Amino acid sequence: MDYMAQALSLARLALGQVSPNPAVGAVIVKNGEIVGQGYTQPPGYDHAEIVALKQAGDKARGATLYISLEPCCHFGRTPPCSKSIIAAGIVEVHFAMIDPNPRVCGGGATELEEAGIKVMRGEHIDEAAEINEAFIKYITTGLPFVTVKVACSLDGRIATRTGDSKWITGEAARKQVHHLRYQSDAIMTGANTVIIDDPALTVRLCEKGGTTHKQPLRVIVDGKGRTPPTAKVFSEPGKTMVVLGSILDSGAKQALLKTGAEILELPSDSGLVDLRLLLQILGKREVTSVLVESGGILLGSLFDSGLVDKVIAFVAPVIIGGSGAKPAVAGEGVAKLSDCLRLEKVKVEKFGEDIMISGYLAG
């Protein structure tokens, strides 16, 4: 059995639920048998190693630990896992990747080795890095990882010339979007999307449309203060933030405050708020990942500003046509094809009749 693959599978269960901590999975093996396993719990609760050690109990002595990320060696909300591993009598530790947190970054491995524990590094390192791509960016830059999600036709349209956009993609693709939301700390959209589509922007993974216990922060970028106070986002479970331009009249602001939403005022230019500053503020609030679901204007601004890390595009096998149909990405764009933004590490998957193309903005 590939025990590291099992640890990575467990790590995925923690995605979106444990920020600002990394999503980690751990498996303890003794005499070819799994005696303990677990994944990171919400902040303030046990890390993956501790969950697995508690499950293993006395069986941990003389066992091998497989973990998707180097064990921490510092006091945070919880004590260092490295000391618990040593005290439990683990004799060998395999971890997929070094923890990029400057407070760890090899220190956990060194502490284990100094205690006489055999340490192995690098198994499934690429998959481990993908699982924690948001944590890696956040812990090294202080900024959230930005993923743009697009659902469009073969000709790159997200709505017809009349604005009709429901539904371009099928049920399987839409269900996958809810998994993406579940794994994200925040969902960002623009005022136009709220006005036209009136989306809930919640995670709905139950077959009957129920919501999960944790909802991402909803962030509405609205430089001109046009978001209607009656919008669905204000009555859904979870928190909503409306980002306004700083020169708006107080009337629009007061109407939105009455909804219970948080209001954030930022500098704006021609109705477009400072998106880089917004991401810096979200990072300071320990938002590690942002999923952007919006129309072409906000997406265009993010691409033009170089703020996008990853793109996930669901392409439906339909043609919309029409010069007035809404494009997936607006903004200034590029003047020459040689300047096109390109994706790397591209993956292609199928959801029903729709194709999902994902990749990272090439550096």
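## Glu127 and its partner

Glu127 is partly exposed in this predicted model, with a relative accessible area of 29%. Its side chain meets that of Arg12 in a salt bridge, at 3.7 Å from N to O. Arg12 belongs to helix α1 (residues 3-13) and Glu127 to helix α5 (residues 125-131), so the pair ties together parts that are 115 residues apart in sequence. Arg12 counts as partly exposed too, at 35% relative accessibility.

## Other salt bridges

Across the whole structure, a search finds eleven salt bridges. One of them joins Glu262 to Arg285, whose closest N and O atoms are 2.5 Å apart. Here Glu262 sits in strand β11 (residues 262-266) and Arg285 in the loop between α10 and β14, so this pair links parts 23 residues apart in sequence.

Asp46 and Lys54 also form a salt bridge, with 2.7 Å between the closest N and O atoms. Asp46 is partly exposed at 24%, while Lys54 counts as exposed at 59%. Lys149, Arg181 and Glu293 are linked in a network.

## Helix α7

Arg181 takes us to helix α7, where it is among the buried residues, along with Ala173, Gln176, Val177, His178 and Leu180. The buried residues of α7 pack against several strands, including β6, β8 and β14. The twelve residues of α7 should span 16 Å at 1.5 Å a residue, and its end C-alpha atoms, 17 Å apart, agree with that.

## Strand β1

Five of the six residues of β1 (residues 25-30) are buried, so the strand is largely enclosed by the rest of the structure. Six bridges join β1 to the antiparallel strand β2, with Gly25 opposite Tyr39. In their hairpin, Asn31 takes a positive phi near 55 degrees. β1 also pairs with β3 in the antiparallel sense, over four bridges, and Ala26 stands opposite Ile67 there.

How values were computed
Residues are numbered from 1 along each chain as its sequence is written. This is a predicted model: local features need pLDDT of at least 70, side-chain atom pairs count only at pLDDT 80 or more; totals for chains, interfaces and linings use all residues. Side-chain values use heavy atoms; hydrogens and water are left out. Helices (H or I, at least four residues) and strands (E, at least two) are DSSP runs, numbered from the N terminus. The expected span of a helix is 1.5 Å times one less than its number of residues. Buried means under 20% relative accessible area, exposed over 50%, partly exposed in between (1.4 Å probe, protein chains only). Contact means heavy atoms within 4.5 Å. Two strands pair if DSSP finds at least two bridges between them. A salt bridge is a side-chain nitrogen of Lys or Arg within 4 Å of a carboxyl oxygen of Asp or Glu.
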